[in-house]
Amino acid sequence: MKKHRIAIVTVQSASGEVGGAERFYQGLETALNAAGTDADIISVTSNEADFDAIKESYLSFYDLDLSAYDGVISTKAPSYVVRHPNHICFLVHTMRVFYDLFEREFPEPWKELLDHRNLIHALDTGSLMPPRTKKVFCIGHEVHNRLLKYNGIDAEVLHMDLAFDEFRSGDFHYAFLPSRLHRWKRADLVIRAMKFVNRPVMLEIVGTGEQEAEFKQLAADDPRILFLGRVSDQELVQLYANALVVLFVPIREDLGFVTLEAFRSSKPVITCTDSGEPTYFVKNEISGFICPPDPKSIGEKIELLHDQPETAKRMGRNGRRSIEHLSWKSVSEKLLAALGL
Amino acid sequence: MESRIPESRVDEIMERIREEIALRKTSERQSIPTAEPPSHTSSQSPAPSLLSEPPRLPRPLATPALPIRPSDTLHVNDFLGFSDSEFLTHAFHGVFRRPPQPDELARYLELSHVTGLPHLEILGRLRYSEEGKRQAVRIEGLCLRFHLHRLYRSFPRLTYFIKWLHDFILLPNRISALRRDDALLRNRLADQVEILSSATENALQTLVLRIDDRFRRLENKLFELESRIDIIDSAKAGVDSVDPLYVQLTELRNLPQEMVTLREKFARLESTNSPQQSALKEIQRHLDDLGAQVRDDSLLRNRLADEAKNLSSATENAFNTLSALSQEMFTLREKFARLESTNSPQQRALKEIQRHLDDLGAQVRDNKLHVLDQQRRMALLIEEARRRLPKPIETDQLESMARERDHLLDAQYVAFEDRFRGTRADIKQRQSVYIPYIKSLNLDIKKYPALDIGCGRGEWLELLADAAIHARGIDINRVMVQQCRERDLDVEEADCLEFLRRQKAGSLSVLTSFHVVEHLQHDILIEFLDEALRVLRPGGMIILETPNPSNLLVGTSTFFLDPTHHKPINSTALQFLLEARGFCRPKVIYLHPYDPSYRLHGSELAERISDLLYGPQDYAAIGYKA
């Protein structure tokens, strides 16, 4: 029998940045191919420099000829404006600057800007509805809630697995913070939390970023805090394996593979009430802690886990069990079922 | 418009966008004559960004193409002012309404180049050829000028006069034409200068930005390189310093012991030493920090040995901290020595107090002996009384006597607990793990309270009270009950089975019992579990904490510290018993491992032995009533 051809339509940013989304596309392609289809990633460069560029982006996806494929899975904005009779969307996100970040970015919007926003809303809502899109899945509850609030579309949350899985569990030594050093990821919150940790426990930080110098300055007088910079995948696995607890405290994260990586390594995760998707994975006091975003509460939990390594181990085990059901196989099955292939 | 289904608007909006973009592109192409043709690849070409693309300089303006409109009237000037080949193409188009054949082109080019025939004359020849006459295109101004030219070429002697006459007649025209051309040229020049200067400015800006960017990147690279060099340096230093580090570390391992002694001495000094107290506190804090840091460093050492990778950065840190530490330690010791030597009046006072304390201790020992003696006598007396009673004693009298006998050792047990069980704060901290379990129950605890059997000194009851959980306790030990009451806790002196039998079925939501079951005979334990199940509400829970004999030190030694212990209970056995007596979802949680610093590392064997010796010392079996 001939294999069904499936196009995964993705958006490549004009700056060429590679992040979690690219690992997601790879995982998706691999999973669909493993399920016996012939899947391709169709990547189109998109420029979001100004509104004219955005409109051109929309048009270039709208004009994309995908007639050679039996099914199309779109991903990020604006890939879902593609025209194909058998089209579903596995939404990574819409253009957040026209949605939840709009008010923050433009506290006093002018009329033209409001028109732009209305146009994007109309295009997104229209494109993501049947018959243009047969079904919408999304990567997490944050995205789901936004889509429901602004577009009135009730997408199905589909959590995927890690694309790379060598994670294992070792000893329970130090608090571990794998994080891009950016203000949205709030490493400073954890660094400040260490001031409330009156125990000989290390904080090891992996990652680089815009606020690196600032954070290092903040941690300067605490010899327990180590910045390890960028590390290889093997080192990352090792660092996860021997951590006592993994800290993941971003502001309203859409997905965040850190939680999954920590749980795969059987580590408890401390996250914050406003961290977004991680709060759907971490069960408070069972597989970690969901703290209010203040250093003292976080510090207390680090102390607690240091004093009770048994608790840390138990929580880590619970975490690992809680994500055992995640698999790319079930993701590809759901997508193919929705495509009717 | 708003009322329409959004889905149907998409096409409409997209088409509008398509038009807008097309319009914008055309206007861009007109305003910048060199704009590239629109690409038809799927990846669209965005507006040029200053950083990502090289700047485009507009090319100088090309000569505008001749608009050949055969129906219009042409003027001879329309054809003049071009290069040879351009002129020929235009001329053929204009006069014959067809492009020149290659051979024709070659012939006329040769004519123009070699014989220097002016364009005007070529045009005339074309126009007045057979073919030209057939086409009969009207070209204003050609006839006269062409024939004058011919005349001039055929009668060279007449030329000066004719030329002069011709020029003279045409002078005003020429001047005005020149003026017109001049103005035109000036305008064009101005335009070009403007375009060029703006383009140059753009290009310059872009260049500056790109240079800035490059510079930044270079700076980053440099930074990175420097940090790499640092890492290499520190790795080198780390490798060199590992050996002395080990020696220092082993020395430092003895520090805690030394510190304990120091701290004890301090405590004594501190109590008599108000003027020195602030200094002492300072030193105390230093010592505490030091303690934490020393522990910290032993942790570091393990990791050092394990991971050669982390050596490079971690070693240096540890080394610095350690040398700072030993320095600090040294100064502290010195300070302390100085303090001690300058403190003779206080020392005298101390010695005085010590003597008092010794006296008191002796008295306490005496009292204790005395009390023990009293106890023995009491026991004898009771025994004697029992024997001497004329008639058989009633059962309840016997029981109460027996009970009194039981209580003879109550005080001693309290002392025992105080010595071996741990401080109130310790116990409370350990027991706080259970609070979340209690809170997760879906029962009205106000109505159906919690009961702690063998509440001892009441730490758990206090924890529950702090968490606003309604609870009471019972204990068989009178002294303990008294202590609890002094703390305003709701405690009754009672035997557990008797008390449970008195309770109504389903009247309690939680039943806890810490370190009680190991005191019970097996059959009593079974009865206890059965009664517990009866008095719990459906959904209620039981928590039984007991020493964990799977820990070798507990199972072989510490369990037997308490002479009233009956038998260690294996966790699997207790879990099974809960299930067997009707509790559901039974589970075991392991608690209170030794401090991790006890653990041995370095091999699987070491880890396994550490698990056996320093693993959890207690466990709790938890069950729920269905």
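A residue counts as buried if 20 or more other C-beta atoms lie within 10 Å of its own, as exposed if 12 or fewer do, and as partly exposed in between, with C-beta atoms placed from the backbone.

The model is predicted, and local features are taken at pLDDT of at least 70 and side-chain atom pairs only at pLDDT 80 or more, whereas totals for chains, interfaces and linings use all residues. Residues are numbered from 1 along each chain as its sequence is written, and chains are lettered from A and ligands numbered from 1 in the order in which they are written.

Helix α9 (residues 257-264) of chain A is largely enclosed by the rest of the structure, because seven of its eight residues are buried. These buried residues are Val258(A), Thr259(A), Leu260(A), Glu261(A), Ala262(A), Phe263(A) and Arg264(A). They pack against β7 (174-178), α8 (233-241), β10 (243-247), β11 (269-272), α10 (278-281) and α12 of chain A. Just after α9(A), Ser266(A) takes a positive phi of about 60°.

The axes of α9(A) and α12(A) come within 7 Å and cross at roughly 115°, where axes are lines fitted to C-alpha atoms, for helices over the stretch in contact, and angles run from 0 to 180 degrees between N-to-C directions. On the side of α9(A), the contact is made by Ala262(A), Phe263(A) and Arg264(A), and on the side of α12(A) by Gly319(A), Arg320(A) and Ser322(A); two residues are in contact if their C-beta atoms, placed from the backbone, lie within 7 Å. By class, this contact of α9(A) with α12(A) has two nonpolar, two polar and two charged residues, with Ala, Val, Leu, Ile, Met, Phe, Trp, Tyr, Cys and Pro counted as nonpolar, Asp, Glu, Lys and Arg as charged, and the others, Gly among them, as polar.

For the complex, the predictor gives an ipTM of 0.81 and a pTM of 0.42.

Some backbone features in the loops of chain A deserve attention. Most residues other than glycine have a negative phi, and most peptide bonds are trans. A cis peptide bond with omega of about -5° joins Ala77(A) and Pro78(A), and Pro78(A) lies in the loop between β3 (71-74) and β4 (87-91) of chain A. Another cis peptide bond, with omega of about 5°, joins Pro130(A) and Pro131(A), and Pro131(A) is in the loop between α4 and β5 (136-138) of chain A. Glu285(A), which is not a glycine, has a positive phi of about 65° and lies in the loop between α10 and β12 (288-291) of chain A.

Chain B has 22 helices and nine strands, and of its 626 residues 20% count as buried. Its mean pLDDT is 77, and 77% of its residues reach 70 or more, pLDDT being the predictor's confidence in each residue, from 0 to 100. Over residues 32-71 of chain B the pLDDT is below 50, and this stretch has 45 contacts in the model beyond near neighbours in sequence. Where pLDDT is low, the predicted coordinates should not be read in detail.

In strand β6 (residues 508-514) of chain B lies Leu511(B), which is buried, with 25 other C-beta atoms within 10 Å. Leaving aside neighbours within four places in sequence, Leu511(B) is in contact with Leu451(B), Ile453(B), Ala532(B), Leu536(B) and Ile542(B). By contrast, Arg585(B) in strand β8 (residues 584-593) of chain B is exposed, with 12 other C-beta atoms within 10 Å, and its phi is near 45°, a positive value in a residue other than glycine.

Note on methods:
Helices (H or I, at least four residues) and strands (E, at least two) are DSSP runs, numbered from the N terminus.
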